Amino acid sequence: MMGEMTAEEEKLRNEIEKVIDENINPKLMEHNGFIELVDVFPKERAATVRFRGACSSCYAIEDTLKNTVLPEIRKNVRQIRHVEIDND
């Protein structure tokens with residue numbers, strides 16, 4: 001990420017990372033994978049995540065995003081409405 005984070009970006013990042021650590025990654029680790037937060041975009045109400053481990057090459061990555069990642073983040077971090085996959 002370029003430049004310094006705003007207070008809003010830092011708050012969102014911390015909230016999302018908590019949801020990832022507590023609610024999402026324990027489920028994904030059952031399949032030898034996990035996700036990490038790449039970036040947050042408060043104005044767009046969006047975030048990008050990167051799938052790692054076995055999840056990085058899984059055929060069900062889009063389903064996992066739609067059925068696990070997005071609902072958990074939306075439920076717990078109401079400012080975020082969109083989550084996209086960063087493939088880099």
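Residues are numbered from 1 along each chain as its sequence is written, and side-chain values use heavy atoms, with hydrogens and water left out. In this predicted model, local features need pLDDT of at least 70, side-chain atom pairs count only at pLDDT 80 or more, and totals for chains, interfaces and linings use all residues.

An open sheet of 3 strands runs in the order E1-E2-E3, with mixed pairing. Strands (E, at least two residues) and helices (H or I, at least four) are DSSP runs, numbered from the N terminus. Two strands pair if DSSP finds at least two bridges between them. E1 and E3 are the edge strands, each pairing on one side only. Neighbouring strands are turned by 30 degrees against each other on average, direction ignored. E2 and E3 pair in the parallel sense over 4 bridges. Ala 47 stands opposite Val 83 in E3.

Two helices pack on the sheet. H1 touches E1 and E2, and its direction makes about 165 degrees with that of E1. H2 touches E1, E2 and E3, and its direction makes about 145 degrees with that of E3. Contact means heavy atoms within 4.5 Å. Axes are lines fitted to C-alpha atoms, for helices over the stretch in contact, and angles run from 0 to 180 degrees between N-to-C directions.

The largest nonpolar core has 22 residues. Such a core is a set of buried Ala, Val, Leu, Ile, Met, Phe, Trp, Tyr and Cys residues joined through side-chain atoms within 4.5 Å. Buried means under 20% relative accessible area, exposed over 50%, and partly exposed in between (1.4 Å probe, protein chains only). Ile 16, Phe 51 and Ile 73 touch the most other members. H1 (7–29), E1 (33–41), E2 (46–53), H2 (61–76) and E3 (82–85) each give two or more residues. The largest share, 6 residues, comes from H1.

The salt bridges number 8. Each is a side-chain nitrogen of Lys or Arg within 4 Å of a carboxyl oxygen of Asp or Glu. Asp 39 and Arg 13 form one, with the closest N and O atoms 3.9 Å apart. Asp 39 lies in E1 and Arg 13 in H1, so the pair ties together parts 26 residues apart in sequence. Both residues are buried. Asp 86 and Arg 50 meet at 2.4 Å, N to O. Glu 36, Arg 50, Arg 52 and Asp 86 are linked in a network of salt bridges.
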